[in-house]
Amino acid sequence: MTGIQGTYDPLFTAVPDKLAELLEAGDAGGSVAVFVDGEPLVDVWGGFADAERTTPWERDTITGVWSVTKTMTALCALVLVDRGRLDLDAPVARYWPEFAAAGKDGVLVRHVLSHTAGLPEWDVPVALADFCDWSRATGLLAEQGLRWQPGADGGYHSLTQGFILGEVLRRVTGRTVGEFFAQEVAGPLGADFHIGLPAEHDHRVAPAVPPPGQDEGYAASASGPDAEPASGTGVTVRDGNTTAWRRAQIPAAGGFGNARSVALVQSVMACGGTLGGVRLLSRESTDLARTEQFEGDDRVLGMPMRWGLGYGLFGTTYGWGGWGGSLLMIDPQARMTVAYVTNQVREPAEETRGLDLVMAAYDGLQGLHS
């Protein structure tokens with residue numbers, strides 16, 4: 001396993017083997033972590049933090065995880081639900097009165113978490129400057145109308161979900177998503193994950209590397225053959241590599257971390273709400289995440305989906321992936337969390353890396369229980 005660093009239980013050798021295979025096939029860099037019962041049985045990394053392959057990926061290298069960030073924002077919302085400060089069945093407008101405009105008074109908090117709110121994107125073209133301007137991004141959403149009746153259909157809210165939830169959280173707590181996450185989640189757990197990255201961490205960031213044959217103008221897109229046409233809200237590799245993107249709090253796509261930090265935080269969900277003596281929420285509240293809210297064809301992704309509250313549902317597991325390849329999978333029955341974080345973007349139609357690493361983790365899990 002040339003270039004693979006870190007530690008792993010011998011039963012889980014298939015995981016670093018797979019990471020090595022991906023790097024040898026041309027990926028720039030990445031990290032993988034497998035936690036069982038809150039303990040790291042795999043914590044490995046390798047490759048390079050830059051497109052030129054001159055800077056090695058180190059233990060503390062972090063990168064943008066794109067939509068895996070949604071699971072961190074969802075966890076913040078579930079913490080507030082557990083504390084009785086946020087009601088899933090309350091209208092968003094209870095907390096954010098301006099949001100009721102244009103017939104949105106029937107949008108519930110649970111609709112936003114489950115991608116059924118009817119606000120999958122902005123009605124006007126938005127760009128990097130808008131994503132980085134909280135008041136503008138949320139103000140536009142407060143003004144616009146619905147694409148469909150809330151709860152009646154599902155459609156991936158790729159960026160809007162985070163801004164809506166983030167504004168609700170801000171109205172409830174008086175803190176931004178990034179502040180709340182840092183103080184109430186990452187801080188207590190000791191997790192190196194950030195929503196709104198402070199400047200002192202810039203030197204550790206591995207910039208996103210576009211797919212082979214593409215440049216930094218390569219834009220995010222849905223992967224399904226029946227996906228709705230792309231709108232004016234596309235995000236490019238170049239956007240994600242800007243200082244403005246790192247500093248902004250973009251709660252659905254702007255988080256920075258590595259596999260260790262993603263797996264550590266989300267092990268709270270795998271372990272019933274308590275990890276390492278830190279209780280973030282009750283088992284009942286963790287179970288909410290995998291309570292099905294929608295099943296059917298997602299009209300934005302163009303593929304069949306099951307949505308829980310803030311997470312995609314996949315059989316008995318749940319989690320979500322990010323554009324570019326990063327992935328989180330939670331198996332509450334096995335109390336296992338698998339995270340893969342990479343700076344190497346691939347074409348969505350070719351993306352199997354995260355799933356391959358999850359299957360490799362299950363090979364180790366079988367050995368653990370045999």
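Modeller: What follows goes label by label, with each value set against its cut-off.

Modeller: Ground rules: this is a predicted model, where local features need pLDDT of at least 70 and side-chain atom pairs count only at pLDDT 80 or more, while totals for chains, interfaces and linings use all residues. Residues are numbered from 1 along each chain as its sequence is written, and side-chain values use heavy atoms, with hydrogens and water left out.

Biologist: Why are H1 and H13 called roughly antiparallel?

Modeller: Helices (H or I, at least four residues) and strands (E, at least two) are DSSP runs, numbered from the N terminus. Helix H1 covers residues 14–24 and helix H13 covers 353–369; their axes come within 8 Å and cross at roughly 155°. Axes are lines fitted to C-alpha atoms, for helices over the stretch in contact, and the angle between N-to-C directions runs from 0 to 180 degrees. Under 35 degrees counts as roughly parallel, over 145 as roughly antiparallel, 65 to 115 as roughly perpendicular and the rest as oblique. The pair is therefore roughly antiparallel.

Biologist: Which residues of H1 and H13 meet?

Modeller: From H1 you get Ala 14, Val 15, Lys 18, Leu 19 and Leu 22, and from H13 Arg 353, Asp 356, Leu 357, Ala 360, Ala 361 and Asp 363. Contact here means heavy atoms within 4.5 Å. By class, that contact has seven nonpolar, no polar and four charged residues. Ala, Val, Leu, Ile, Met, Phe, Trp, Tyr, Cys and Pro count as nonpolar, Asp, Glu, Lys and Arg as charged, and the others, Gly among them, as polar.

Biologist: What makes H6 roughly perpendicular to H7?

Modeller: Helix H6 (residues 134–143) and helix H7 (residues 160–173) pack at about 100°, with axes 10 Å apart. That angle makes H6 roughly perpendicular to H7. The contact of H6 with H7 has five nonpolar, four polar and two charged residues by class. Trp 134, Ala 137, Thr 138 and Leu 141 are the H6 residues that meet H7.

Biologist: Which residues are buried in H6, and what covers them?

Modeller: Ala 137, Thr 138, Leu 140, Leu 141 and Ala 142 are buried. The cover includes helix H5 (128–131) and H7.

Biologist: How do you know whether Gln 266 is buried or exposed?

Modeller: Buried means under 20% relative accessible area, exposed over 50%, and partly exposed in between (1.4 Å probe, protein chains only). Gln 266 has 0%, so it is buried. This residue is found in helix H11 (residues 259–270). Setting aside neighbours within four places in sequence, Gln 266 is in contact with Thr 71, Met 72, Leu 75, Tyr 311, Leu 328, Ile 330 and Thr 337.

Biologist: And His 201, buried or exposed?

Modeller: Buried as well, with a relative accessible area of 16%. His 201 is found in the loop between E5 and helix H9 (237–240). Not counting residues up to four places away in sequence, His 201 touches Ile 62 and His 194. His 201 and Ile 62 are 139 residues apart in sequence, and 8.7 Å apart in space, C-alpha to C-alpha.

Biologist: How do you know which strands E2 pairs with?

Modeller: Two strands pair if DSSP finds at least two bridges between them. Eight bridges join E2 (residues 29–36) to strand E3 (residues 39–47), running antiparallel. E2 also pairs with strand E14 (residues 336–342) in the antiparallel sense, over seven bridges. Val 34 stands opposite Val 42 in E3, and Ser 31 has Val 341 in E14 as its bridge partner. In the hairpin of E2 and E3, which has two residues between the strands, Asp 37 takes a positive phi near 55°.

Biologist: Why is E3 called largely enclosed?

Modeller: Seven of the nine residues of E3 are buried, so E3 is largely enclosed by the rest of the structure. E2 is mostly covered, with eight of its eight residues buried.
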